[in-house]
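Here is a short report on one protein model. Have the sequence and the structure at hand as you read.

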Amino acid sequence: QVQPVESGGGLVQAGGSLRLSCAASGRIFGNYAMAWFRQAPGKEREFVAAINWSGRDTAYADSVKGRFTISRDNARNTVYLQMNSLNPEDTAVYYCAAGRTGTVVVSAVGYVYWGQGTQVTVCS
């Protein structure tokens, strides 16, 4: 069993920045793709960003492209989501997930282990 753990959420003003972290267990962390999803109240879970095993391949939802950056540090078993130019529409619970393989996918079915989520609230 692998349990990713998110941190770094909180309250931020519109236009501000926030960095989320996801720590995952396992000595083979570097073999697998990682991703961020989010879910706002009353809405379906939404893909945000993903990164392949090495960090050299990434994918982003159109809604966050140019504002968010996903990165990873395999030596620390940690994935990051740098969020800039935040707006109230970014308010959601953000979830970190570990993939089935090392390749980037943008569907939730491509991920096996999920964190409990961290709340991000953007106020105007």
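## The disulfide

C22 and C96 are both buried. In this predicted model, the two cysteines form a disulfide, with their sulfur atoms 2.0 Å apart. The structure holds one disulfide. The torsion about its S-S bond is about -80 degrees, so the disulfide is left-handed.

Which strands does the pair connect? C22 sits in strand 3, residues 18–23, and C96 sits in strand 9, residues 92–99. The bond therefore ties together parts that are 74 residues apart in sequence.

C123 is another cysteine to look at. Its relative accessible area is 30%. Buried means under 20% and exposed means over 50%, so C123 counts as partly exposed.

T78 belongs to strand 8, which covers residues 78–83. Is T78 buried or exposed? Its relative accessibility is 8%, so T78 counts as buried.

The side chain of T78 reaches the backbone oxygen of R76, at 2.8 Å. Leaving out residues up to four places away in sequence, T78 touches S21, C22, A23, F29, R72 and D73. One of these, C22, is also a partner in the disulfide.

## The aromatic cluster

Turn now to the rings. The structure holds three aromatic pairs. One of them joins F37 and F47. Their ring centres are 5.6 Å apart and their planes stand at 75 degrees, so this pair is edge-to-face. F37 lies in strand 4, residues 34–39, while F47 lies in strand 5, residues 46–51. The two residues are ten apart, and the pair links distant parts of the chain. Both F37 and F47 are buried.

F37 also pairs with W114. How are these two rings arranged? They are tilted, with 5.0 Å from centre to centre and 50 degrees between the planes. This pair, too, links distant parts of the chain: W114 is in strand 10, residues 111–114, and lies 77 residues from F37. The relative accessibility of F37 is 2%, so F37 counts as buried.

Which residues make up the cluster? F37, F47, Y111 and W114 form one aromatic cluster.

## Arginines over tryptophan rings

R45 lies over the face of W114, at 4.3 Å from the ring centre.

R56 lies over the face of W53, and its distance from the ring centre is 5.9 Å.

## A49, in strand 5

A49 lies in strand 5, and F47 lies in strand 5 as well. How accessible is A49? Its relative accessibility is 0%, so A49 counts as buried.

What surrounds A49? Leaving aside neighbours within four places in sequence, A49 is in contact with M34, A35, W36, A59, Y60, I70 and L81. Among these, M34, A35 and W36 fall within the residue range of strand 4. L81 falls within the range of strand 8.

A49 and E89 are 40 residues apart along the chain, and their C-alpha atoms are separated by 16 Å.

Conventions: Residues are numbered from 1 along each chain as its sequence is written. This is a predicted model: local features need pLDDT of at least 70, side-chain atom pairs count only at pLDDT 80 or more; totals for chains, interfaces and linings use all residues. Side-chain values use heavy atoms; hydrogens and water are left out. A disulfide is a pair of cysteine sulfur atoms within 2.5 Å. Helices (H or I, at least four residues) and strands (E, at least two) are DSSP runs, numbered from the N terminus. Buried means under 20% relative accessible area, exposed over 50%, partly exposed in between (1.4 Å probe, protein chains only). A polar contact is a pair of N or O atoms within 3.5 Å; within protein, one must be able to donate a hydrogen and the other to accept it, and residues adjacent in sequence count only if both atoms are side-chain atoms. Contact means heavy atoms within 4.5 Å. Rings of Phe, Tyr and Trp (its six-membered ring) pair if their centres lie within 6.5 Å; planes under 30 degrees apart count as stacked, over 60 as edge-to-face and the rest as tilted. A charge sits over a ring if NZ of Lys or CZ of Arg is within 6 Å of the ring centre and within 35 degrees of the ring normal.
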